[in-house]
Amino acid sequence: MEKAIFKRPESLYETPFHYCPGCGHGIIHRLIAEVIDEFGIRERTIGTAPVGCAVLNYDYFNFDVCECAHGRTPAVATGIKRVRPKSVVFSYQGDGDLAAIGIAEIIHTALRSERITAIFVNNCVYGMTGGQMAPTTLLNQKTQTTPFGRDPKKAGFPLRVCELLATLDGATYIARTALNNPKNVLKTRESIKKAFLTQIEDVGFSLVEILSPCPVNWKLSPVDSIKWMKERMIPYFPLGEFKTPFAK
Amino acid sequence: MGRPFQVIIDKERCKGCGLCINFCPLNLLVISNEINKRGFHYATVRDNNRCKGCAQCAIICPDVAIEIYR
Amino acid sequence: MKGNEAIGEAAIRAGCRYYFGYPITPQNELTAYMSKRMEEVGGVFIQAESELAAINMVYGASAAGGRAMTSSSSPGISLKQEGISYMVGAELPGVVVNICRGGPGLGNIAPSQSDYFQATRGGGHGDYYTIVLSPSSVQESADLVFLAFYLADKYRNPVIILGDGFLGQMLEPVEFKNPAFGRLPRKRWALTGAKERPPNVIRSLYLKEGVLEKRNWELSKKYERMKKEVRYEGIYLDDAEFIVVAYGICARISKASVLLLRAHGLKVGLIRPITLWPFPSGVIKEVRDKIKRFFVIEMNLGQMVEDVKLAVEGRTSVSFYGRPGGGVPTPEEIYKVIKDGKGYF
């Protein structure tokens, strides 16, 4: 009998992803599905589809999903969770969604300590719309709307979401991870697990910020993208748990 | 030594990003000269027999194109 | 009871257990009332961080199968339009109360009917309609809340209750009559967790060529069915030579003017649309050929008058008299307008 060492999770459909080569969304989808499988909660999970590249994530997730307006995902997730407190509800949001247009929603959802989990995909750029500056775009980083590099005098500074949310009393589990190597992918999986557990055990609000590659909009190869993450992204967005209800 | 590991790459799912190749500690994966239906040069296993089943390739694969069995 | 509180109590009695609001005058009593009553009935009350968040909480709660509502006043309703459009697109029921105030911009906090266009033409982006109910008393405010929740569920579409600061603040006796409506279908589409069924998806995005067009045509069939819900009150239509068309509090004031005009021997009738969308064009078409002039009275610069003119189709005269920016006409003022045959347009 063959034993599976690594196998596609059941909470993912067979459908191949539409994402660009080397994009992190596929890894994140898989990790979420793996955690849902591990907890055996597929039948009570309600996910969200954000405006952005992951808007069609319900084509891949084999559980209930609610599409949301740009930035409003945490408010929608709040509404769902308040009606179905026994469900496991997560928001899936990019950096524009969560850190620009929806920054108010995520802050207040955290302040209310809503029993939801936010999966925050930070790739320093607006992907779907073709590579514009995101609130997390690094200084000097070139994007479609910062063609000379992000200049803080004109375009402000990048936002560190975890550090901001960690100051809030209602935020319970806040962690930042990265997808730049297999070890960090496994750490991301652990953080997603803890975030879901924070919700399942009714402890509070949880968020995992995942630094994720966007080779196409960074104009780098997938392999160069993960090098860029290590050299540029991680120094500005340090990895780790900023708040946790679990013993370290 | 038990049975050999079987790294199975679904070539139609693969987009040839090369991350698996980058992280295979034993350098067992290569990009094929062939293209799949979507036009990508896909990753393929050069030598399954030497695989130690570390699953680094599958863990980093953005397209869940790799499964490993034993 | 205050109009705002009556709306809240009716919502609770109609089975609403999820209320999401944000403070704005002149609807604050409703939010305050819900914060207290939801606690008593084991429901959910959230004072949201913005109107955007509040309407999207309604969206989420409704997607999960809950009976949800929000309320606000004009500037806040503008912010809710995004969510209302998404709710229509995703076919989610819900009740939105607009206790209308003067605009544009921050305007003032006086009663107004300046949001008629916004309410009856969809309001947000896209190509859609919502049912718009217009009460003219505290009693009717309560009655229409029951109807609003029923119609929202029946059509899987948000329903707007368009009141004004006058109605919201007014104190009147009210009786809560929980009317028996028809049976509603089970919400099989709701997000409850994909247990023993394939996953449900709530969405309004349809990217593939032609799919959205097809879907919008299907929705248009639903809007046609919604048009059957038309409601109005007609007074003295049988012998009327002149007809006043007014809605909400303005209709109530106009009714006093009509009685005054009748007492002076003028054969004046009144049409009071209760549904602003669908607009009761039918009754206007029925009577228009024997009417010398329609007088449309509104607390705005002239919005519903366009719907009256569309129904009249140029067969007789239509005059308008309005008070924008929070002005409220008196019965004597309207009496004079009609008696002198004045009015704009």
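Guide: Buried means under 20% relative accessible area, exposed over 50%, and partly exposed in between, with a 1.4 Å probe and protein chains only. By that rule, 60% of the 248 residues of chain A count as buried. The model is predicted, so local features need pLDDT of at least 70, side-chain atom pairs count only at pLDDT 80 or more, and totals for chains, interfaces and linings use all residues. Residues are numbered from 1 along each chain as its sequence is written, chains are lettered from A in the order in which they are written, and side-chain values use heavy atoms, without hydrogens and water.

Visitor: Why is S74(C) called buried?

Guide: Its relative accessible area is 6%. The cut-off is under 20%. Therefore S74(C) is buried.

Visitor: What does S74(C) touch, beyond residues up to four places away in sequence?

Guide: N98(C), I99(C), C100(C), R101(C) and D115(C). Contact means heavy atoms within 4.5 Å.

Visitor: How do you know which pair of chains shares the most contacts?

Guide: Two pairs of chains are in contact, and A and C share the most. No contact joins chain B and chain C. Their closest C-alpha atoms lie 19 Å apart.
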